[in-house]
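Please look over the sequence and the model together before reading on.

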Amino acid sequence: MLKITCPIITDSDVEKAIKTIETCYFTTPVHGLTRPFYGPGGEYGNDCWSLDYTLIMEAVKWLIPERAADYVENLARMQGEDGRIKLYGSEFFGHIPSVKEPISSSPKRLRLLPKLVKMWGETELSREALSVAERDFSWWVKSRYDEKSGLFSAVFEETFIPNTESGSYEYAPVDTNIELLLACRALAEVIPEKADEYLTWEKKLTDAVNRLLWDEGEGCYLPYDLRRGERIKRRMASTFLGFYAADEEKKERLFALLTDPNAFGWGEKPLYSVSKKDPLFQTVEGRYVGNPSWSGSVWTYHNLPTVKALRYAGYEDAATELSIKTIELFKSNYAEFLDPFTGKGNGVRDYGWSAAEWLQLLIEDIFGASYTAKDGLQFTPHFPKAWEGEKLSIESLRLPDMSEA
């Protein structure tokens with residue numbers, strides 16, 4: 001079993017995270033799947049949710065890498081003839097009356113699939129993964145791309161805070177557009193014959209994001225109402241994905257907002273999913289209740305991508321600070337989301353992606369592990385200076401060739 005030694009965690013924290021992930025594993029396929037799969041966890045039962053499955057696989061690829069083959073095969077089964085990968089297997093949205101069209105989920109899988117391809121090298125499974133990814137991206141272009149603005153729209157859980165107010169070609173969020181921008185970068189790396197095409201898409205998206213989503217007055221990126229042609233004043237933690245698109249001046253503005261303790265909780269229990277200064281901000285006690293749970297609570301879903309975005313932008317110390325704070329907040333507390341003031345876990349108590357992203361922060365950020373078929377296993381650690389002289393180790397990472405490191 002994976003063993004990680006560092007000052008802020010114990011063996012039992014790691015063991016509980018792994019155990020939490022395994023409670024989400026189902027060996028009986030449902031909804032047309034052919035392989036075992038990971039569900040969200042807890043009361044959400046044994047449905048296969050494409051986003052949760054993707055986020056959990058980010059950790060499982062280090063724990064039980066052979067299950068990544070099941071992931072690719074199951075995604076292919078969840079993908080329709082038009083290329084859309086379903087949000088979840090049942091396709092039932094009666095609880096959200098405003099959702100009246102076929103939808104997908106946040107396209108994070110378009111970054112995981114290229115990672116898996118790099119880990120596997122040239123294999124038949126890699127070719128299947130790329131086929132799934134290319135058809136997926138094509139669906140986004142056909143079904144969500146607004147030619148006039150140059151932005152992608154999103155419906156329901158194709159973005160977070162979930163867009164329950166409109167249909168396609170109406171709401172263009174920051175997170176979905178940045179995820180697709182990053183997907184283009186990732187796909188260009190693993191499909192060299194189409195690299196120019198994907199890099200052209202990346203440039204188009206970067207230009208549109210900076211032209212229409214950046215708000216000079218607010219000093220951050222905001223979602224955009226495609227019908228009215230104006231930005232929507234919602235100060236959400238997803239704005240920090242904008243580090244990937246920003247020039248130096250914008251990065252400085254974003255960083256000032258991020259580290260303002262009166263906004264997203266920096267120095268306390270970051271990141272609040274919505275700025276404390278925003279009218280949307282609220283706390284939720286108990287079960288998940290939809291958008292209010294995304295309007296102030298702390299989620300690994302926001303924190304981990306912000307850590308990565310900070311590293312990309314060159315803010316190394318802040319990235320390490322947020323990474324460690326998130327690990328401390330969620331250790332043995334793998335709830336769906338946390339109260340922004342007390343840190344108490346709310347929603348599902350044993351939530352798969354919280355445990356998985358917690359492990360991912362330790363493995364890939366703090367210890368800086370990466371693996372490709374070309375370069376093998378490498379480490380670029382990000383240890384704080386306070387850990388000098390401490391025992392630091394990571395053992396029993398499972399690699400795609402079935403060996404341990």
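**A walk through the predicted model**

Leaving aside neighbours within four places in sequence, Ser354 is in contact with Thr300, Phe330, Tyr334, Ala335 and Glu336. The structure shown is a predicted model, and every distance and accessibility discussed here is computed from that model. Ser354 belongs to helix H11, which covers residues 352-366, and with a relative accessibility of 0% Ser354 counts as buried.

Once residues up to four places away in sequence are set aside, Thr20 touches Tyr334, Asp350, Tyr351 and Ala355. Thr20 counts as buried, at 4% relative accessibility. Between the C-alpha atoms of Thr20 and Gly41 the distance in space is 8.0 Å, although 21 residues in sequence set them apart.

The largest nonpolar core has 146 residues, of which Leu2, Ile21, Tyr38, Trp358 and Leu359 touch the most other members. Helix H6, residues 174-190, gives the most to this core, with 10 residues. Leu359 can be followed in more detail: apart from its neighbours within four places in sequence, Leu359 is in contact with Leu2, Val14, Ala17, Ile18, Ile21, Ala59 and Leu63.

Glu73 is found in helix H3, residues 67-78, and counts as buried at 15% relative accessibility, since the cut-off for buried is under 20%. With residues up to four places away in sequence not counted, Glu73 touches Thr34, Arg35 and Glu128. Glu122, by contrast, has its place in the loop between helix H4 (109-120) and helix H5 (124-144). Is Glu122 buried or exposed? With a relative accessible area of 75%, Glu122 is exposed, because the cut-off for exposed is over 50%. The C-alpha atoms of Glu122 and Tyr25 are separated by 28 Å, and along the chain these two residues are 97 residues apart.

Helix H7 (residues 195-213) has 19 residues and reaches 26 Å from its first C-alpha to its last, which is close to the 27 Å expected at 1.5 Å a residue. The buried residues of H7 are Ala195, Tyr198, Trp201, Glu202, Leu205, Thr206, Ala208, Val209, Leu212 and Leu213. In helix H8, which spans residues 248-258, the buried residues are Lys250, Lys251, Leu254, Leu257 and Leu258. Viewed down the axis of H8, these buried residues fall within an arc of 125°, and so they line one face of the helix. An α-helix has 3.6 residues a turn, so residues three or four places apart point the same way. On the face of H8 turned away from its buried side are the exposed residues Glu248, Glu249 and Glu252. The cover over the buried residues of H8 includes H7, strand E7 (214-215), strand E8 (220-221) and helix H9 (300-313).

Among the strands, one open sheet has three members in the order E6-E9-E10, with antiparallel pairing. Its edge strands are E6 (171-172) and E10 (230-231), each of which pairs on one side only. Two bridges link E6 to strand E9 (residues 224-225) in the antiparallel sense, and within this pairing Ala172 stands opposite Tyr224 in E9. Strands of a sheet pair through backbone hydrogen bonds, either parallel or antiparallel. Another antiparallel pair is formed by strand E13 (residues 369-372) and strand E14 (residues 376-379), which four bridges join. A hairpin of three residues connects E13 to E14, and the bridge partner of Ser370 in E14 is Gln378.

The cysteines remain to be considered. How many disulfides does the count come to? The count comes to zero disulfides, where a disulfide would need a pair of cysteine sulfur atoms within 2.5 Å. For Cys24, the closest cysteine sulfur is that of Cys48, and at 12 Å from the sulfur of Cys24 it is too far for a bond. Cys24 is buried, with a relative accessible area of 0%, and Cys184 is buried with a relative accessible area of 0%.

Conventions
Residues numbered from 1 in each chain as written. Predicted model: local features only at pLDDT ≥ 70, side-chain atom pairs only at ≥ 80, totals over all residues. Heavy atoms only, no water. Pairing = 2+ DSSP bridges. Core = buried A, V, L, I, M, F, W, Y, C linked by side-chain atoms within 4.5 Å. Buried < 20%, exposed > 50% of the residue type's maximum accessible area, 1.4 Å probe, protein only. Contact = heavy atoms within 4.5 Å. Expected span 1.5 Å × (residues − 1). Arc of directions from axis to C-beta.
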